[in-house]
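Hi,

Here is the structure I promised to pass on. Have a look at it first, and my notes follow below.

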Amino acid sequence: MKERKAIWLPDAASTYAGDVDALFYFILVTSFVLFVGVMTAMVFFAWRFRRRSSDDRPAPVKENKIVEAAWILVPAALVAIVFVWGFRVFIQMNVAPPNAMEITVRAQKWSWLFEYPSGARSTELQLPVSRPVRLKMSSADVIHSFFVPAFRTKQDVVPGRYTYAWFEATRQDTFPLMCTEYCGQQHSTMLSSVIVQSQDDFEAWLQESLMAADAPPAERGALLYVQQGCQGCHSLDGTGVIGPSFQGLAGSERVFTDGTSALADDNYLREAITLPALKIVEGYDALMPGVYASLDPAEIDALIAFIKEQ
Amino acid sequence: MSAPGQNYLNASTGLRSWLLTTDHKRIGILYAVAVTTFFLLGGIFALLVRTELAAPGETIMGPDTYNQAFTLHGVVMVFLVIIPAIPGILGNFVLPIQIGAKDVAFPRLNLFSWYIFIIGALLALSGWLVIGQVDTGWTFYTPYSSDGSTSVLWLTTAVFIAGFASILTGLNFIVTVHKMRAPGMTWNRLPLFVWAIYATAIVQVLATPVIGITMVLLFLERLMQIGIFDPALGGDPVLFQHFFWFYSHPAVYIMILPAMGIISDLMGTFSRQQVSGYTFIALSSVAIAFLGFLVWGHHMFVAGQSAISSIIFSMLTFLIGIPTGIKVFNWVATMYKGSVSLKTPMLYALMFLFLFTIGGLTGIMVGVLAVDVHLHDTYFIVAHFHYVMMGGALIGLIGGLHYWWPKITGRLYNETLGRIAAVLVFIGFNLTFFTQFIMGSRGMPRRYHDYAGLLEQYPEFTALNLASTAGSYILALGLFMILFYALLSLIRGRKAPANPWGAVTLEWTHTDSIPELHNFEKVPLVTRGPYDFHLADDVFGGRDAVQGTT
Ligand SMILES: [Cu+2]
Ligand SMILES: [Cu+2]
């Protein structure tokens, strides 16, 4: 599955990727031919008309109308071809089929969150194979960009508005997903995966991830920890890179950047989730977005229960 | 008029005579000193960035430092090196002499521009040392730039101030070309370098105010919480990108047009042949200066602008790209039935043709809508603009500096060392940046501090990045070698004759080895075009034109 032959583009895995690749290779080959032609002429002229004596004074060359017309028309024609071709594929990449399944994408520093029509959520993009999918994307903070090289899909994710992208995966595999708009410290770790599986496996996954409401709070909290992207910044093993680790957090003494401190009780945890900018733990920056204030109270309770178990 | 043996270098001495000079030649040298210093600084940042990427994982610095390093590399190289370099150094030194003037139209304004540039530059660098580091990238995209630290404002103020230097220099050159030409120096006898600087000046005057306005808006938003770009205040972050590229795309022409002018002069002089398509090159430069304002949106195909806008921008981009392709054909054709000498400046001219053609062809690649979606914001883009900006603009500058060095300093440099350095630069450059085309087309995003997270899918990124880093060291070695033999030439270089290349423009034919203070003994009378080698009996001792070809 992991064998790769091509030097240039990675193996394609979406319906329109083949069209993009054909155009890419057409331009690559045409450019190569043009480049070799120009360089051959350059080297040949430099050698053929090399200076033989320091007094050489060649007579001026009459400009040749036919040659000039050719070097205007040939590039113009080639450019017209690639423009029209690129334009047609671009339209195809921009217009999602009406039957596409809509997935909501939420980007924030520095994680991705995907929400499916059934209400299921995940931090990796789960897809059924051979089914068009339309992404409705927004950002909680700065501009990010959704990029799946194997699909040849890229779209900036902008705060304050929705942007869209669509594709249809053609084979079952796991593909890297990256952020390609510079978004700060952990830009290069804002990675995820696209997991393409059969329609049946996808349905099964959806079922599994919709947690029954009667599950114990801490168990629901564990799911939210993944689905809400908490794991992107808060580890469970005591290492704190972007945000403090959850390990041993509950009940500990927290020291803040303004010199004050507080005991991490339920009320502190609640405030830290809904109003993260209020108190910043020493050694960390005010990076956590305020979007978690919109979680419903039962979800916040579940998260607190989960944190207290760590 | 002046005592024999007196020239602009020895006419007066002392630091004061330099810092208060209004002589365009000395101001050109002031720019050379400043820009070289900034280039060293920007180059150090580039090497830090490449060293960090030499191996996966954290190599020599953490992500915050890395983000500051590539930001400073971009800001310094764009605003303090490439934009001011050719107009500031060679435009100042060469342009007035090439048109037969004794100085620019407003000599004091010219000195003033240099000081504004220095103030802007020092402000930019001191902000970095004093206030705090900026990590936004040289593009300052909102809202990332508008909710970071205040040092962004400091830096944008510096860019704003440095912009005035650019506007005033442009203004000065426009008036100089219109008003100060010697008798007989008609528009169709202007060297193509003059045409290029003239076209550049138009862009400098028209475009630079836009980045000033953008920076002011950024400032107002930060200080007074007016919602312009920040969505949290009701602004539109993509609007910033429109403003930014409305300046920065024309700025691409501020960077590349002067280099094209140098290449035209080099191709003509070292082929002893009329530059093919003289009128076309001259007029298309001026046309691009205006049309370059209509294509900014090609930087934003995936930014969230409408598909229709993207399509129109793509089409306009191709329309103004065609003349650039034709120029490449013209430069190559200039050698046809010429007398080609492969001296160091000419090696750089041919290197420009090689690198700039790759930069241009990959420009077509990223201008094509469907393909750009995949390539945007990957290393393919990084490679593309380095082929244009460094392979084009900076290689043009280096070629020009080698060409005019004997006129500026009165000394020759070691030709062998010059050729060796040129080969090192060529190999190092291609190793550094061609590998980035491959990484980018495979999907490696730009501005990544680390690629360890991608290696499972892309194990080849380790070797490609290492090769690119090795290339950057070779490139640096070549550039340091140039610095070395340039300094060596100043100390003990052979005295240069007045016209070592057999060129036929005024700076070579009508001035001494080192030009005198006011350039010419008496106002020259121009009787031929800039590349009329067959008419230049004064240069070639009246010998008959030799037909070197069949
Ligand atoms: Cu990012
Ligand atoms: Cu552009």
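Let me begin with helix α1 of chain A, residues 17-48: its 32 residues reach 46 Å from first C-alpha to last, close to the 46 Å expected at 1.5 Å a residue (1.5 Å times one less than the number of residues). Helices (H or I, at least four residues) and strands (E, at least two) are DSSP runs, numbered from the N terminus.

This is a predicted model, where local features need pLDDT of at least 70 and side-chain atom pairs count only at pLDDT 80 or more, while totals for chains, interfaces and linings use all residues. Residues are numbered from 1 along each chain as its sequence is written, and chains are lettered from A and ligands numbered from 1 in the order in which they are written.

Among the buried residues of α1(A) are A:L23, A:F24 and A:I27 (buried: 20 or more other C-beta atoms within 10 Å of the residue's own, with C-beta atoms placed from the backbone). The buried residues of α1(A) pack against α2 of chain A and also against α9, α10 and α11 of chain B (contact: C-beta atoms, placed from the backbone, within 7 Å).

Chain A also has an open, mixed sheet of five strands in the order β4-β10-β9-β6-β7, with β4 and β7 as its edge strands (strands pair if DSSP finds at least two bridges between them). Within chain A, β9 and β10 run antiparallel, joined by five bridges; A:P176 has A:S193 as its bridge partner in β10(A).

Enjoy exploring!

Terms used. A residue is buried if 20 or more other C-beta atoms lie within 10 Å of its own, exposed if 12 or fewer, and partly exposed in between; C-beta atoms are placed from the backbone. Two residues are in contact if their C-beta atoms, placed from the backbone, lie within 7 Å.
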